[in-house]
Amino acid sequence: MTEQSYNFKEIESKWQKRWEEDKIFKVDEDPSKKKYYLLEMFPYPSGKIHMGHVRNYTIGDVLARFKKMQGYNVLHPMGWDAFGLPAENAAIKHGVHPVRWTIDNINYMRKQLNMLGLSYDWEREIATCNQKYYKWSQWIFLKMLEKGLAYRKKGFVNWCNSCQTVLANEQVEDGLCWRCESVVIQKELEGWFLKITDYAEELLKGCERLASGWNERVLTMQRNWIGKSYGAEVDFPVEGSDKAIKIFTTRHDTLFGATFMCMSPEHPLVSELVNGTGQEDAVKKFIEEISREDKRMRSSEETEKKGVFTGRYAINPMNKEKIPIYLANFVLIEYGTGAIMSVPAHDQRDFEFAKKYNLPIRIVISPDDVNLNTQTMEGAFTGEGNIINSGQFNGLNSKEALDKIGDYLRDNKIGKKTVNYRLRDWGISRQRYWGTPIPVIYCDTCGVVPVPYEDLPVTLPTDIDFPPDGKSPLVNNEKFIKVKCPKCKSDARRETDTMDTFICSSWYFLRYTSPRYEDYPVKNEAIKYWMPVDQYIGGIEHAVLHLLYARFFTKFLNDIGLVNSNEPFTNLLTQGMVVKDGAKMSKSKENVVDPDDIIDKYGADTARLFILFTSPPEKDLDWNDQGVEGAYRFLNRVWRLAIRQKTEDRRQKTEVINNSQLRRITHLTIKKVTEDIEERFHFNTAISAIMEFVNVLYQIQGSGVNSEFREAINTLIILLSPFVPHIAEEMWEMMGNKGSVTKEPCPSYNPEFIKSEEMTIIIQINGKVRSRITVNVDISDDDLKNTVLSDIKVKEWTSHKEIKKFVIVPKKLVSIVI
């Protein structure tokens, strides 16, 4: 390598090797230092990283390096979410054992991540398919079983015929399997469930405590998924039977308006109800049809309402009226009780259903300003009004009637006021091989017997053959299945289902704190020091799945005294997608850019710089080759600046230059970069400030250099190092500095050097002060507006809201009306 050339391949290889040899990113607990736990969502080892991975991990790496420079003791680990269907599918299609397929992929992807220069402590690496890891997943399951949070039941589940397995509700997307995009049907199976519903209220309240550090969109998605609602449970007796259909309603003020009932096709009472009615064939045909429909589409307001009469009637407990019972596509077993009273005058779905099937409509709430008529109504009236056609409750305001009718239900033992949650228990049984075995044994004498803790882990057998029908090979593996009952020692059989892979990712962040500890899932001293995770980074597609489950697991493990925190992640950053040609990068769209190709042609630092400069982390990144070229040209420009400075140092030539100008731009750059990284995660504007700094340094270098100029170059290198660490290390060494630039403290700006050039702007939103920002006194109105709208506090208040007015009071404040 000649001194003048920027040979990125040689530079990057050199420093990656040096970092590994010096174990520069290895970290241990140090009570004398303030900790910072930085974590990106770990990947599934699919074979190769993609640009989405590169973006996620590069964002995290900048923050990890920056916090290290600030003096924090930084934990920045990496591992592998290694169980899952693709490995098993590869075994079926190509004859490659899942173990071999997974390990090979991990080894290749680890090499790719290292080529990016990521600051991971690889000594903490975990893979969830390693029995030393899943032993503790089984241990946690047994603890939940002990506490009554794990149980077995029969019920309708989401079933993917292609993957031959059960899917959680969250894993069904628009009626399709989230993995293979096959149509998901309803199937009745017996399986294991975790009672996440016991934590519904705690999970909901926790959303409020997370508001300062989490994306409001994610919290809204979680609140909606938990779905708390206040109402009443009411029993509707079935005519000619000792059975009653329990419903949940938030509108018990309309009970007298119920003219029919609708049940979910999956309701457990259906087969008993229709037996002997003559409607058996019609009901069976309807259930089969609905089982193939997407549940979200079934409950959509736009979806056509469909139903079938069961042949049976219920008794409205309020007026003793006989009303028909239907099955309806829009009633879901997951919400409420899986059955509803239908009040067509005051519920739009019921109105449409009643019109289609010529069912009676009765008005029981009358608005003050309109006389409703069932013959002329074009839609349901869902507002407040006065109660009519409701016996003793006539004349009450409908809102007031809720409490009165609730008390009546309780006093007459036909119902009660209650709280309902949309959240359902988590079905974790999967009929697949490549997952964590569920540690229970079935004995004809003793029933369900948990595997003793001392016998963990229950290991997956590796000497298996995959049947061509896609079924789990565990089902026919006698060596695995046959076992002695731990209680009575008679012949018994193992559970052949494995756990949902989201079990593995629900606690992996805890294991990183003590990955080699053998006594418990986590080490007490380590967990107390490191948890909670200070900054978590990943895609918003995990808002309901992984993030909700991780919160559930953390709360449970906190309750049994294993961890010290009630929430796993203090701050959450959800990065946008990488887009090319107007669409998310994907193999099917043939618009994928291979990170290996970019690194080979331009280097890892160029890939990192482009990823970070092109868009703020929370926004989608639009890939373009010209941007990559531009990032490469900039690094060459910085390289030449350092080369020239080294040449001047050799000449020992010193000239007088404008120190005040140099000092001001240096400290302004330090301030801008620090604030953009720390407060806003706006790496693109931080890099832009560095680019402006480089332009000024080139201008000054043309008129001469001195020791202060040299310090400015060193400052430039330090500021660049979190973004482009390889070239920064090389330039730092080239400038004659000792040690790694990674160990250099983050430079701080002196307010005195920039004081006269700045002013504080107060930001009001709807008349209330919500933030303050510091800007240059000569900032333009356009730049001020952009700065205000990018402020993190302003974004919290204005996200998904229309800004009606934006008023600038010069040098004082900005007033926003939303």
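Reply: Arg 65 lies over the face of Trp 19, with 4.8 Å to the ring centre. A charge counts as sitting over a ring if NZ of Lys or CZ of Arg is within 6 Å of the ring centre and within 35 degrees of the ring normal. Lys 322 has its charged end over the ring of Tyr 313, 4.7 Å from the centre of that ring. This is a predicted model, in which local features need pLDDT of at least 70 and side-chain atom pairs count only at pLDDT 80 or more, while totals for chains, interfaces and linings use all residues. Residues are numbered from 1 along each chain as its sequence is written, and side-chain values use heavy atoms, with hydrogens and water left out.

Tyr 313 also belongs to an aromatic cluster, together with Phe 260, Phe 309, Tyr 326, Phe 330, Phe 353 and Tyr 357. Rings of Phe, Tyr and Trp (its six-membered ring) pair if their centres lie within 6.5 Å; planes under 30 degrees apart are stacked, over 60 edge-to-face, and the rest tilted. By this rule there are 43 aromatic pairs. In one of them, Trp 139 and Tyr 520 have ring centres 6.0 Å apart and planes at 85°, so the pair is edge-to-face. The two residues are 381 residues apart: Trp 139 is in helix H5 (residues 131-146), and Tyr 520 is in the loop between helix H14 (508-511) and helix H15 (524-530). Helices (H or I, at least four residues) and strands (E, at least two) are DSSP runs, numbered from the N terminus. Trp 139 is buried at 9% relative accessible area, whereas Tyr 520 is partly exposed at 43%. Buried means under 20% relative accessible area, exposed over 50%, and partly exposed in between (1.4 Å probe, protein chains only).

Phe 393 and Tyr 408 make another edge-to-face pair, 5.6 Å centre to centre with 85° between the planes. Phe 393 is in the loop between strand S17 (386-387) and helix H12 (398-411), and Tyr 408 is in helix H12, so the pair ties together parts 15 residues apart in sequence. Phe 393 is buried, at 5%, and Tyr 408 is partly exposed, at 21%.

Now the cysteines. With a disulfide taken as a pair of cysteine sulfur atoms within 2.5 Å, the count is 0. Cys 160 is in no disulfide, and the nearest cysteine sulfur, that of Cys 180, is 3.6 Å away. Cys 160 is buried, with 0% relative accessible area. The sulfur of Cys 504 is too far for a bond, because the closest cysteine sulfur, in Cys 129, is 9.0 Å away. Cys 504 is also buried, at 2%.

On a 1 Å grid over the protein atoms alone, a cavity is a set of points where a 1.4 Å probe fits but cannot get out, and lining residues have an atom within 4 Å of a point. There are 4 cavities of 30 Å³ or more. The largest cavity holds about 160 Å³. It is lined by 16 residues, and the closest to its centre are Gly 84, Leu 85, Arg 430, Asp 500 and Thr 501. Helix H3 (85-94), strand S6 (165-167) and strand S25 (498-499) each give two or more residues to this lining.

Key: On a 1 Å grid over the protein atoms alone, a cavity is a set of points where a 1.4 Å probe fits but cannot get out, and a pocket is an open set with protein on both sides within 12 Å along at least five of seven lines; lining residues have an atom within 4 Å of a point. Grid points are joined across faces, edges and corners, and a volume is the space filled by probe spheres set on the points.
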